[in-house]
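Subject: Structure handover

Hello,

Here is the structure we talked about. Please open it beside this note, and then read on for what turned up.

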Amino acid sequence: MTMINFKEKYEQLFSDKAKAEAFDKIAENYYFCNFGTMRKADLDILMFSLYIDKILNISEEDVNSYSDYILSKYLGITQSKVSNLKVSKELKYPYEGFDWHKSFFRLCENIRYEKGKIKLDIRDKNLYYEIKNAIEVKGGYIDVQLNSKLLCVSPEYFIDLILDISEDDDARKKVREQIKKECKKNNIDTEYFEQKDIGDILKDNGILMLCKILESTIPVVGNIKLSNVIKMVINVMRK
């Protein structure tokens, strides 16, 4: 990349109006009787936020357009610094369009099953933290890997996760009802079914049984997005 490429990228992202709006945000930290009080680290976060928000507004669904690698090339900093700036930016200047549920469902197309775990590469550290928290809140856990972008979780708790984040309450209810029905058919204890998570109920019943139970839910789900993810989980486990 050359300076011409960087300038073209900047002009592509920032119209004259956007440039003026960006400067106004910087001015708030300098010209309101506060000149020189802003730390460089905070200025970096603000400048990074202004930049990446423009990219997200254009291509939020294309994770490659704001990957750590591509941003490191455009900004001339390391990928690790880009990753840290993304986290700091989201804490201080959260992106209004960020819906981690939708982002997660898009990524599910790339799940794989290895050594008894569902694995998913998650490039965005903010998305990784949101998913990790959702699993832990429900009592599940993820295996921390040397690769900090790799989500690794037991399949039964992965099912809990996709049910929890589905926006379709009716579909969630149907899946749970069908799982309960299938558990009874296979002599799996359902006495405290309503108080337990799916992961706790199915964790000791093996992959073949888990696949069988999940497969029975597909005809009743009604929600294409949710049923597709369930199919993906079954397929990767059977392979």
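**Around lysine 149**

Leaving out residues up to four places away in sequence, lysine 149 touches Asp68, Leu120, Asp121, Ile122 and Arg123. One caution before going on: this is a predicted model. Lysine 149 sits in the loop that runs between helix H7 (125-137) and strand E3 (150-153). Is its side buried, exposed or something in between? At 29% relative accessibility, lysine 149 counts as partly exposed. For a sense of distance, take aspartate 24. Lysine 149 and aspartate 24 are 125 residues apart in sequence, and their C-alpha atoms are 35 Å apart in space.

**Nonpolar cores**

A general point comes first. In soluble globular proteins, nonpolar side chains tend to be buried together. Here, the largest nonpolar core has 44 residues. Which residues have the most contacts inside it? They are Phe104, Ile131 and Phe158. Take phenylalanine 104. Beyond its neighbours within four places in sequence, phenylalanine 104 is in contact with Leu120, Leu127, Ile131, Phe158, Leu161, Ile162 and Ile165. Another core, of 20 residues, lies apart from the largest one. Its members include Tyr30, Met38, Ile45 and Leu85.

**A nonpolar patch on the surface**

Some nonpolar residues are on the outside. Phe23, Tyr31, Phe32 and Phe35 form a nonpolar patch on the surface. Together they have about 530 Å² of accessible area. Look at tyrosine 31 in that group. Tyrosine 31 is in the loop between helix H2 (16-27) and helix H3 (40-59). Tyrosine 31 counts as exposed, because its relative accessibility is 54% and the cut-off for exposed is over 50%.

**Salt bridges**

Side chains of opposite charge can pair when their charged atoms come close. How many salt bridges does a search of the whole structure find? The search finds 18. Three of interest follow.

- Arginine 172 and aspartate 169: their side chains meet in a salt bridge at 2.2 Å, N to O. Both lie in helix H9 (residues 169-185), 3 residues apart, about one turn of the helix. Arginine 172 counts as partly exposed, at 22% relative accessibility.
- Glutamate 182 and lysine 185: the N to O distance in this salt bridge is 3.5 Å. These two are separated by about one helical turn, because they are 3 residues apart in helix H9. Glutamate 182 is buried, with a relative accessible area of 5%. Lysine 185, in contrast, counts as exposed at 61% relative accessibility.
- Glutamate 114 and lysine 119: here the side chains meet in a salt bridge at 3.4 Å, N to O. Glutamate 114 counts as partly exposed, at 33% relative accessibility. Lysine 119 is buried, with a relative accessible area of 12%.

Glutamate 182 and lysine 185 pair up as described. Elsewhere, salt bridges that share partners join Arg112, Glu114, Lys119 and Asp121 into one network.

**Positive phi values**

Most residues other than glycine have a negative phi, and most peptide bonds are trans. Lysine 115 has a positive phi, near 50°, and is not a glycine. Where is lysine 115? It is found in the loop between strand E1 (112-114) and strand E2 (117-121). Lysine 115 counts as exposed, at 83% relative accessibility.

Asparagine 187 also has a positive phi, near 60°. Asparagine 187 lies in the loop between H9 and helix H10 (198-202). At 75% relative accessibility, asparagine 187 counts as exposed.

**Cysteines**

A disulfide is a covalent bond between the sulfur atoms of two cysteines. How many disulfides are there by the distance rule? The count comes to 0. The cut-off is 2.5 Å between sulfur atoms. Cysteine 211 is in no disulfide either, with the sulfur of cysteine 183 as its nearest at 14 Å. Cysteine 183 is buried, with a relative accessible area of 0%. Cysteine 211 also counts as buried, at 1% relative accessibility.

Best wishes

Terms used. Residues numbered from 1 in each chain as written. Predicted model: local features only at pLDDT ≥ 70, side-chain atom pairs only at ≥ 80, totals over all residues. Heavy atoms only, no water. Core = buried A, V, L, I, M, F, W, Y, C linked by side-chain atoms within 4.5 Å. Buried < 20%, exposed > 50% of the residue type's maximum accessible area, 1.4 Å probe, protein only. Contact = heavy atoms within 4.5 Å. Patch = residues over 30% accessible without salt bridge, like charges linked within 9 Å, V, L, I, M, F, W, Y side chains within 5 Å. Areas by Shrake-Rupley, 256 points an atom, 1.4 Å probe, with all protein chains shown as cover. Salt bridge = Lys/Arg side-chain N within 4 Å of Asp/Glu carboxyl O. Helix = DSSP H or I, 4+ residues; strand = E, 2+ residues; numbered from the N terminus.
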